[in-house]
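My notes are below, in numbered points.

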Amino acid sequence: MPAENSISENQRETPVYNFAYLDEQTKRMLRRAILKAVAVPGCQVPFGGREMPMPYGWGTGGIQVSAAIMGKNDVLKVIDQGSDDTTNAVSIRSFFKRVAGIPVTTSTREATIIQTRHRIPEHPLREGQIIVYQVPVPEPLRWMEPSEKETRTMHALEEYGVMHVKLYEDIARHGEIAASYDYPVMVGGRYVMSPSPLPKFDNPRMHQSPALQLFGAGREKRVYAVPPYTDVRSLDFEDHPFSVQRWDKPCEICGSTDTYLDEIIADDKGTRLYVCSDTDHCAARLASKENRQGGSDG
Amino acid sequence: MAEPAAIGFSVPPAGRGMRDAKAPPPADGSEPFLDCGLLHVEGVTKYYGGRVGCEDVSFDLWPGEVLAVVGESGSGKSTLLNLVSGRMAPTSGRVRYRESSGALCDVHKLPEASRRRLLRTEWGYVHQNPRDGLRMRVSAGGNIGERLMACGNRHYGNIRKAGVSWLGKVEIDADRIDDMPVSYSGGMQQRLQIARNLVSAPRLVFMDEPTGGLDVSVQARLLDLIRTLVREMGLSVVLVTHDLAVARLLAHRLMVMRRGVVVEAGLADQVLDDPRHEYTQLLVSSVLQG
């Protein structure tokens, strides 16, 4: 091939894909679905999901949404359970680095697109940022109603009584609303939406968030969205109001008391550690603490 | 009960005039009370392709009245119930219902949202198989509370209280409130289904063979319960049954259907004790005595 000399090292070892893997027609189709989703906050919009080079459940929905909105100037951060260094996060990050050639980061501040599974970063998001959620089960009514036709009708007619039946069951059985993740929310006072595997700790962060929030479900081929500054209310009862998790101990690494902590089993004797699930935030806090200590010492 | 079947049909008793299903109610027999009737069914017909589901059925239902539709299997009873309750669209004819606001609405012309709202507030529907009417993976309390929550009740304590109170009314121990319906016996499931329907204080309840598939002694208890609740709450009921004993016990008025057509209608006791149509006579005389 005569043009071979002009191909970069990176492209030579991988087949030449379109920017961000998906072809332009697919991206257009996805963008149309995303625009519709943004226009009707919380409403699930179907799209023609493509096969991605990874299994369902690994974030195929999130990847397709990220690929559709990605531009050459974007900076990507990917987290899994809040962490930047888990397998899933690392592989998705390197995937986009390779097929889109855009800069990647672990810093919440620097990123323009944050693809996530399970967490919203501790550092507050700002205007202009887009957070992309990987969603396994987009339908909040599915637990109560197996029929897709029926759940669509229920969404259309705003019949959300059964969502409270689910919460009622929790209180009856556990004395409190025991759902700790995938806690249903009402978006913009109209659609009940599943925030997916997000811990309910993060639910209040979705409310009036300055960032655009996009949700992609690859297996079910649905996208939905929460535009910036939209009301997101967690469902609850008057006498059992919504509340988030609290921990008795601070993070063992950075000493933070206001973040979401993961429990880690440290040895065979059952020793448990509680550490921040957001590794970027934890590291940044630790660094600033050491700086301060270093400053006072010297 | 068997004797009238043998002799009654040649000489219609005076003042009956109830053979025609379109006939006005027994109360005064002159004017149809269109201003206070609860449900007006006019010429409702349903064809399944070339087959007749039910044909040209008309009746009016008054507040507090229990109307039983009896007939053998395949006579169009359940089709009629589905048409009248708005769950199926008729080929022709119309069903009008007087809402609690006093307005008369055409059930099949209502927008879907309003029809579904009616079904979960002012109406109840008791299925023959409680599994169709209950959420089997939700506790008894949740089943009873669902309608309240669908109507916007967001206070757990109150919903719970209503659950306990309704379990008491249908004679289920209050400590079973957190049990799943699968752990209930058939009769208890049916009573739970009734409680679940009545918790929103409906005005009109449709019952499709509510005692079907139950043991005779359980049936008797359930019938007793339904009769008490209907009287206490002033419910109007359209009851479909093939069991004449059930009809006799619960119903004020009776419609006998055969091959999709109403062959006889009238006061329950009159129709049962003194059937005029030969098919009704056959039906009445075929009841096991003992």
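The points take the basis of the model, then a sheet and a helix in chain B, then the domains of chain A.

1. This is a predicted model, in which local features need pLDDT of at least 70 and side-chain atom pairs count only at pLDDT 80 or more, while totals for chains, interfaces and linings use all residues. Residues are numbered from 1 along each chain as its sequence is written, chains are lettered from A and ligands numbered from 1 in the order in which they are written, and side-chain values use heavy atoms, without hydrogens and water.

2. Chain B has an open, antiparallel sheet of 4 strands, in the order β2-β1-β4-β5. From one strand to the next the twist averages 20°. Strands are DSSP runs of E of at least two residues, helices are runs of H or I of at least four, and both are numbered from the N terminus; two strands pair if DSSP finds at least two bridges between them.

3. Within this sheet, β1 (residues 39–48) of chain B is joined to β2(B) by 7 bridges in the antiparallel sense. Opposite His40(B) stands Asp60(B), in β2(B).

4. Helix α2 (residues 77–84) of chain B lies across β1, β2 and β4 (92–98) of chain B, at about 55° to β2(B). Axes are lines fitted to C-alpha atoms, for helices over the stretch in contact (heavy atoms within 4.5 Å), and angles run from 0 to 180 degrees between N-to-C directions.

5. How many residues of helix α5 (residues 140–150) of chain B are buried? The count is 10 of 11, where buried means under 20% relative accessible area with a 1.4 Å probe, protein chains only. Among them are Ile144(B), Glu146(B), Arg147(B) and Leu148(B). The buried residues of α5(B) pack against α6 (161–174) of chain A, as well as α3 (112–120), β6 (123–126), α6 (156–169) and α7 (186–198) of chain B. After α5(B) comes Gly152(B), with a positive phi near 100°.

6. Chain A is divided into domain 1 (24–138 + 184–233) and domain 2 (246–298), with bounds from an automatic or database domain assignment. Their centres, taken over C-alpha atoms, are 27 Å apart. In contact are 16 residues of domain 1 of chain A and 12 of domain 2 of chain A.

7. These two domains of chain A bury about 970 Å² between them, 48% of it on carbon and sulfur atoms. Buried area is the accessible area (1.4 Å probe) that two parts lose on being put together, summed over both. Arg119(A), Glu122(A) and Phe201(A) supply 47% of the area that domain 1 of chain A buries against domain 2 of chain A.

Technical notes. Buried < 20%, exposed > 50% of the residue type's maximum accessible area, 1.4 Å probe, protein only.
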